[in-house]
Structure formats: structure tokens, C-alpha cells
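Please review the following briefing, prepared for a reader who is new to this structure.

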Amino acid sequence: MSVFAIRHGETAWSLNGRHTGTTDIPLTDNGRRLAELLRPALRGTFALVLASPLQRARETCELAGVAARAIIDPDLVEWNYGSYEGLTPKEINREAPGWLIFRDGCPGGETPEQVGARADRVIARARAVEGDVALFAHGHVLRVLVARWLGLPPGAGQHFLLDTGTVSVLADYHGTPALKTWNAPVTGYLSATAEQGTKVIGRMTR
């Protein structure tokens, strides 16, 4: 099985670097355009499609053409930033020099361990089905999720940078959790697989 982890498209806050946790804002026009590019790649069958309850993830899922099969999973909601909600890293570091979310968490919000526990539940849900899985979620929670997929502590998510509107693929290598694709722009991912002479087989091209 493969797990396709899709970070939602661009929002106004992602453009200016503001921490967007539970604030429910929509995609920009560009974010919607990129989400629509997912349609030809996701037109096949998934055993399970999970989406964050926040509209930016749900809208990406809908524009990608798989919303009819999607199940809302609260465990995929973005990191609760607490008192840091809406702030940029520069603003946060004025209050807390050297702050790192993957180590320090957020005052009034979640710790890395709490987000890791949510990621573990999503992974268990994905592994309980036979076939490919698609996840529509957010940057920080998906970075923790890939760390936990690989058996690393939640804080290891700091090593996996993730842009908006990207596709990542988690898989297994002879029974060992592995990372097949990470932070691939939709168009770049499809172009790379097309050059390999591959075809769509009910999932992302392989």
C-alpha cells in the first residue's frame, strides 16, 4: 500500500508565513488552481480517503475530485498553535528567542507528543485497510506524520520541509516503512513519472 499525503493549496496566511492552525480560512485562487491539477492523478480507486475538517484541506480534496469518498478525520487537523496562532516565526521569536515548534510546542496549544499521538492514530487507520490511502491535511501535522511513519519521534518532523500544494508518498520497502516521494509539486510529480514511461493505475502514476 501507499499513502498519498497531500498538503492543501495556498492560503493568504501561508503566503505571508502566519501560523494557521485552527483558523478556518479558504484557499487562494492559485491554491484552487493547483488543487484542480490533482484530478487526473487521483481519478482511480483509493481504499480510504481522509481529510482534515478545516476548509482549506476539504476544498483541496473536493477540487481534486475525491470528496465523495472522503471521511473527515479530526486527527488530521493542523497543529494547535495556541497563543502563537496567526503569528509569523519572526514575531514568535521576539517573544521566545530560539523557539522551535518541533521541540517546544506552543503555549496554550499542543506539544509535539500530542500531535504525534494523533499522527499515530491516522497511520493505524491507514494500515487497517487494503489498498492505497489519500490524506488531505496541513504542513506541520504531515511533517509529524512522516516522522512517525518512519518510526522517528514527532520532533523529527523538523527535518521534512513541506510546501503548500504538494504530493508526498509514504510506502514500505520489504516490510520497512519508507519514504518514496516528498514535497513534490503536483506538476513536477506528474512530469517526472510520465518521463519514466509510467501510467495511471488507480492512484498517482507510478
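The points below describe the sheet, the helices and selected residues.

This is a predicted model, in which local features need pLDDT of at least 70 and side-chain atom pairs count only at pLDDT 80 or more, while totals for chains, interfaces and linings use all residues. Residues are numbered from 1 along each chain as its sequence is written, and side-chain values use heavy atoms, with hydrogens and water left out. Helices (H or I, at least four residues) and strands (E, at least two) are DSSP runs, numbered from the N terminus.

**The sheet**

- An open sheet of 6 strands runs in the order β3-β2-β4-β1-β5-β6, with mixed pairing; two strands pair if DSSP finds at least two bridges between them.
- The edges are formed by β3 (70-72) and β6, each of which pairs on one side only.
- Neighbouring strands of this sheet are turned by 20° against each other on average, direction ignored.
- Strands of a sheet pair through backbone hydrogen bonds, either parallel or antiparallel.
- Strand β1 (residues 3-7) pairs with β5 in the antiparallel sense over 4 bridges, and Ala-5 has Ser-168 in β5 as its bridge partner.

- Strand β5 (residues 166-173) pairs with strand β6 (residues 176-185) in the antiparallel sense, over 7 bridges.
- Thr-166 has Pro-185 in β6 as its bridge partner.
- The hairpin has 2 residues between the strands, and His-174 takes a positive phi near 50° there.

**Helices α2 and α3**

- The axes of helix α2 (residues 29-36) and helix α3 (residues 55-63) come within 7 Å and cross at roughly 40°; axes are lines fitted to C-alpha atoms, for helices over the stretch in contact, and angles run from 0 to 180 degrees between N-to-C directions.
- The two helices α2 and α3 are therefore oblique to each other, given that angles under 35 degrees count as roughly parallel, over 145 as roughly antiparallel, 65 to 115 as roughly perpendicular and the rest as oblique.
- The contact (heavy atoms within 4.5 Å) is made by Arg-32, Ala-35 and Glu-36 of α2 with Glu-59, Thr-60 and Leu-63 of α3.
- In α3 the buried residues are Arg-56, Ala-57, Glu-59, Thr-60, Cys-61 and Leu-63; buried means under 20% relative accessible area, exposed over 50%, and partly exposed in between (1.4 Å probe, protein chains only).
- These buried residues of α3 pack against β1, α2, β2, β3 and β4.
- Just after α3, Gly-65 takes a positive phi of about 90°.

**Helices α6 and α7**

- Helix α6 (residues 112-127) and α7 pack at an angle of about 65°, and their axes are 9 Å apart.
- Residues in this contact include Val-115, Ala-119 and Ile-123 of α6, and Val-141, Leu-145 and Trp-149 of α7.

**Cysteines and Phe-46**

- The structure holds 0 disulfides, a disulfide being a pair of cysteine sulfur atoms within 2.5 Å.
- Cys-61 counts as buried because its relative accessibility is 1%, and Cys-106 is buried with a relative accessible area of 7%.
- Phe-46 is found in the loop between α2 and β2 (48-51), and is buried with a relative accessible area of 6%.
- Phe-46 and Ser-2 are 44 residues apart along the chain, and their C-alpha atoms are separated by 9.8 Å.
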